[in-house]
Amino acid sequence: MNKPDKDKKDIIKLNPGNIMEKIEFEFAKDGPILVKKDAKVEYALCRCGHSTKKPFCSGAHMSSGFKADSSTLELKG
Ligand code: FES
């Protein structure tokens, strides 16, 4: 679910100066925070605390028994 070629600095490049783009944070049920830009998943961020590739999701939430509700946060410029 993560993009290993990306590093932490890339997170701040999601919206470099263009605040009109739609950024959405989808809190996946029992899984990561999916950061979407224009409906495309850009990053999957760990929220279970068990990732081996923090801050990104490594898929470890599936074997850790992590449970969480789903929700969505949308940011618009
Ligand atoms: S949410 Fe996937 S490893 Fe933490």
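Q: Why is A39 called exposed?
A: In this predicted model, A39 has 7 other C-beta atoms within 10 Å. A residue counts as exposed at 12 or fewer, so A39 is exposed. A39 lies in the loop between β2 and β3.

Q: What makes the phi of A39 worth a remark?
A: Phi of A39 is near 70°, a positive value, and the residue is not a glycine.

Q: Which label does D38 get, buried or exposed?
A: D38 is also placed in the loop between β2 and β3. There are 9 other C-beta atoms within 10 Å of D38. With the cut-off for exposed at 12 or fewer, D38 is therefore exposed. Its phi is positive, about 50°, although D38 is not a glycine.

Q: Why is L75 called exposed?
A: L75 has 12 other C-beta atoms within 10 Å. The label exposed covers counts of 12 or fewer, so a count of 12 qualifies and L75 is exposed. L75 belongs to strand β4, residues 71-75.

Q: Which residue is 51 residues apart from L75 along the chain, with its C-alpha atom at 6.0 Å?
A: That residue is E24. E24 also has a bridge partner in β2, namely K36.

Q: What makes β1 and β2 a strand pair?
A: Strand β1 (residues 23-27) and strand β2 (residues 33-37) share 5 bridges in the antiparallel sense. Pairing needs at least two bridges, so β1 and β2 pair.

Q: What is the order of the strands in the sheet?
A: The sheet is open, has 4 strands and runs β3-β2-β1-β4 with antiparallel pairing. Direction ignored, neighbouring strands are turned by 20° against each other on average.

Q: Why do β3 and β4 stand at the edges of this sheet?
A: β3 (40-45) and β4 each have a single partner strand, so one side of each is left without a neighbour in the sheet.

Q: Which elements does the chain contain, and how do they run?
A: There are 1 helix and 4 strands, and from the N terminus on the elements run β-β-β-α-β.

Q: What makes the peptide bond from K54 to P55 cis?
A: Its omega is near 10°. P55 is found in the loop between β3 and α1 (61-64).

Q: How many of the residues in the chain are buried?
A: Buried residues make up 12% of the 77 residues; the label requires 20 or more other C-beta atoms within 10 Å.

Key
Residues numbered from 1 in each chain as written. Predicted model: local features only at pLDDT ≥ 70, side-chain atom pairs only at ≥ 80, totals over all residues. Helix = DSSP H or I, 4+ residues; strand = E, 2+ residues; numbered from the N terminus. Axes fitted to C-alpha atoms, helices over the stretch in contact; angles between N-to-C directions.
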